[in-house]
2 protein chains.
Amino acid sequence: MKAMPDPKLPLYLKVAQQIEGQIRKGALRVGDKVPSIRGLRRQQGVSVSTVLQAYFWLENKGWIEPRPQSGFYVRVPYKERMPEPEFRATRNVPTGIGISDLLDKVVDSIGDHSKVPLGAACATPFYPNRKLNRIISRITRTDPDHSARYESTIGLEALRRQIARRAVTYGCSLSPNDLVVTCGGMEALNLAVRAVARAGDVIAIESPTYFAVLQVIESLGMKAIEIPTHPRTGMDLDALASAIRKHRVRGCISIPNCHNPLGFVLDDDRKKELVDLLARNNVPLIEDDIYGDLAFTADRPRTAKTFDTEGNVLLCSSFSKVLSPGFRVGWIEAGRFQNAVKRLKFINTIASPSLPQRAIAEFIESGGYDRYLRGLRETLSNQVQLYTQAVMRCFPAGTKISRPAGGYVLWLELPENVDGLKLYQAAFAQNISIVPGAIFSANGQFKNHIRISCGHPWDDSIDRAISTLGRLCVRSN
Amino acid sequence: MKAMPDPKLPLYLKVAQQIEGQIRKGALRVGDKVPSIRGLRRQQGVSVSTVLQAYFWLENKGWIEPRPQSGFYVRVPYKERMPEPEFRATRNVPTGIGISDLLDKVVDSIGDHSKVPLGAACATPFYPNRKLNRIISRITRTDPDHSARYESTIGLEALRRQIARRAVTYGCSLSPNDLVVTCGGMEALNLAVRAVARAGDVIAIESPTYFAVLQVIESLGMKAIEIPTHPRTGMDLDALASAIRKHRVRGCISIPNCHNPLGFVLDDDRKKELVDLLARNNVPLIEDDIYGDLAFTADRPRTAKTFDTEGNVLLCSSFSKVLSPGFRVGWIEAGRFQNAVKRLKFINTIASPSLPQRAIAEFIESGGYDRYLRGLRETLSNQVQLYTQAVMRCFPAGTKISRPAGGYVLWLELPENVDGLKLYQAAFAQNISIVPGAIFSANGQFKNHIRISCGHPWDDSIDRAISTLGRLCVRSN
């Protein structure tokens, strides 16, 4: 799609189109500040007036907007910019989870492949299946006994080595021997929760949070205390500190990178603050980094684990969102809970599937994984922009939309009178799958919210589905 | 190995060698009654004296032995016949499990592939890897997106259909929709226990039982009540009934077919009695049938589930012991707990690995699985005989040995002064892996027991390892 720059273009236009390209590719995303006038002048070796001309051109095209005394910022290039979802600092108490029946239904429906797939957070058409199949075929020839024994409970050493090697890119020094390979990120979360708490204990969670987290807590007879979570800055740490003072909080689950469903990437200071607060209170942090490799920023964001000096962070991740959900390969580095996690892994599933571990290890080792990731991040960032624009075009006034810094889900706050659950049902009847916001909380919040996955390549069917959703909003109240 | 019968042989010898063949193949196993004199006469159309001659010949060769007023029975063809392990009707109370540290060590060590593998219950060299690889390669070509989405939480429909179809052979009418495919049998057990009980509840288990069962119970904050279990007739049902009367028993775990470690296959009446007793008391039965396809009997034994009319039995099984441990494919039919199990499956691991499910479904559908099974059963029955004979030759007087009716583990009761744990350590130092009996119970029983796996083809290294074990017994007291 990208044409070579036209040599006859005026200089300011070349500069402007370069920035436009960065926005389109997602290197600059909505809300980001573009380089300062002086910065760009130095960087490109052009005059201030050329820079200003370029910025006016971008502003006219709707790509950026000036903010007083601050500079230019990337905006969504559409007439009416929708605000972000609101943050409400509600006061919560620990609760049992009462949403299981609803969850069962939703879980059933989001796996239904016959629907327009705006439900499941899965980027099926983008995964490198051909490359993985080539590796699998080779393994069946060169190592025919690949699955004839149980893999070690902590996982294939070659894979653990690659995971540890890559962890350096996000500032973590992990030892292959401290990793446990799991059956997907979900098993990692499960083992983590079981390692740190028992029935009756309270777990602090973000609100909203990934719905399965709620069910894990319920199924183990624990309670959840929901901590209000800001769409950009994450958990309200004062509320978290207060919850720890008041309740028997035995663990805290957070998704600092590419939050599901809010989409934020916490900055390093916030991550460190969170880690320090929990360490001071001896509350283990279960960090879900399952989308961490999918941040749209140039550098892979650090994990909260990066700032952990006491083994108090249990870092959970997976290849399911990035490479292959069907492989069921995730992992956990459980810090001081390593022995407990290893034991739980054995009695939960003995070991993880062998062949997928080998295939992923080879893919990473060959360099293929990181090359693939670079392309995928760009693609997903574009996807999110395209879906965002469609929502802005089709949804009723009063809708608010998240600004994901990575991953591929959008979180929509609909006008207050719109019932997300009714919308989910109406959409399903029209063969469109979405996730109602109500299942992202145990205490009745987010009734007028929905989550939309941008994991399907933009096409007419998606365009039509989003207009249909916009129309259905009006009727779902 | 089997030569055509020599036409010049006397008739009695033909008859005798036919029976010898059945014993060698395992169709008749140690302790089985051979056909009565009248029965055989009718069946073969020969005279009583021919039958008697045949039986005397077999007796002289040491294959069978007469029992007063009862007939002839298959014996181990060796000079000194070892007795079976003893049954002790101990009185137990519910206990927490205190053997986790020992278990961690043992679990680490039995996965060590550098040792002579008498530890892990795994028949690696016998699995049909070539056939499975051919199927996998074909799938990568014909269905390249096989792992690009989450398989349905309950599992691949084609596989569930095949499992349901095969269940007819053991008298179960299962619907594909009521099955949940799991990450191995271990996940099935886990989900089952979590579905029927909560922290603080008591689970009745066989004593001895598969050690991981104990850890599952402990990890969930539950207690175990150990029910004395007879090496032939299984759980002491009076003791079970009494435990149910006295304690808050919320579930019962049993391995009615090819028990691990005792090796028995319960007869149908005992299975029915167990099912009825539990149903009357509203205690769900978790049936572990992971070795059920490996019984040495001509017909596939029925499951306890076969006699379940109320959805009170949760039938758990797996392809790990039979086909491929590294695939991590097991399954559960949870009766009236199906919804709970399905929900737990989702939050435990979302779904099971996709490619292995496809490969197994194709292998069963093609008829390959059942053909392969017939050969495997015969092979394993021979293996068990060979290992048994070596133990009888090499172990000290006073050793007792189980008579497995299927599967591939032997349970040895050593002379009382032999410490199984010391033997395990001494063996490990000699690069031999076995499992100490102490981990098969939570209350300090079976200290002078060990479990030996017969999953490695009989060869000199196994022969030497078993003699070494026999010698070490003398020093491990």
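Does A:Arg300 count as buried or exposed, and what is its relative accessibility? At 13% relative accessibility, A:Arg300 counts as buried, where buried means under 20% relative accessible area, exposed over 50%, and partly exposed in between (1.4 Å probe, protein chains only).

This is a predicted model, in which local features need pLDDT of at least 70 and side-chain atom pairs count only at pLDDT 80 or more, while totals for chains, interfaces and linings use all residues. Residues are numbered from 1 along each chain as its sequence is written, chains are lettered from A and ligands numbered from 1 in the order in which they are written, and side-chain values use heavy atoms, with hydrogens and water left out.

**Chain A as a whole**

Select chain A. Its secondary structure comprises 15 helices and 16 strands; helices (H or I, at least four residues) and strands (E, at least two) are DSSP runs, numbered from the N terminus. The C-alpha trace spans about 65 × 55 × 50 Å along its principal axes. Of the 477 residues of chain A, 62% count as buried. Among contacts (heavy atoms within 4.5 Å) in chain A between residues at least 6 apart in sequence, 76% join residues at least 24 apart.

**The surroundings of A:Arg300**

Next, select A:Asp289 together with A:Arg300. Their side chains meet in a salt bridge (2.7 Å, N to O); the term denotes a side-chain nitrogen of Lys or Arg within 4 Å of a carboxyl oxygen of Asp or Glu. Both residues lie in the loop between strand E9 (285-288) and strand E10 (313-318) of chain A, eleven residues apart. A:Asp289 counts as buried because its relative accessibility is 2%. A search of the whole structure finds 42 salt bridges over all chains.

**Two pairs in chain B**

Move to B:Asp293 and B:Arg166, which form a salt bridge with the closest N and O atoms 3.0 Å apart. B:Asp293 lies in the loop between strand E9 (285-288) and strand E10 (313-318) of chain B and B:Arg166 in helix H6 (residues 157-167) of chain B, so the pair ties together parts that are 127 residues apart in sequence. Both B:Asp293 and B:Arg166 are buried.

Then select B:Asp32 and B:Arg29, whose side chains meet in a salt bridge (3.9 Å, N to O). B:Arg29 counts as buried, at 14% relative accessibility.

**The interface**

Display both chains. Here 59 residues of chain B are in contact with 59 residues of chain A. The area buried between the chains is about 4,800 Å², of which carbon and sulfur atoms give 54%; buried area is the accessible area (1.4 Å probe) that two parts lose on being put together, summed over both. Select B:Tyr150, B:Arg343 and B:Ile347, which supply 15% of the area that chain B buries against chain A, more than any other three residues.

Across this interface the rule finds two salt bridges. To see a salt bridge between the chains, select B:Asp104 and A:Arg343, whose side chains meet at 2.5 Å, N to O. H11(B) gives the most to the side of chain B that touches chain A, with seven residues.

Finish at B:Ser354, which lies in helix H12 of chain B. B:Ser354 counts as buried, at 1% relative accessibility. Not counting residues up to four places away in sequence, B:Ser354 touches A:Gly326, B:His146, B:Ser147, B:Arg149 and B:Glu151.
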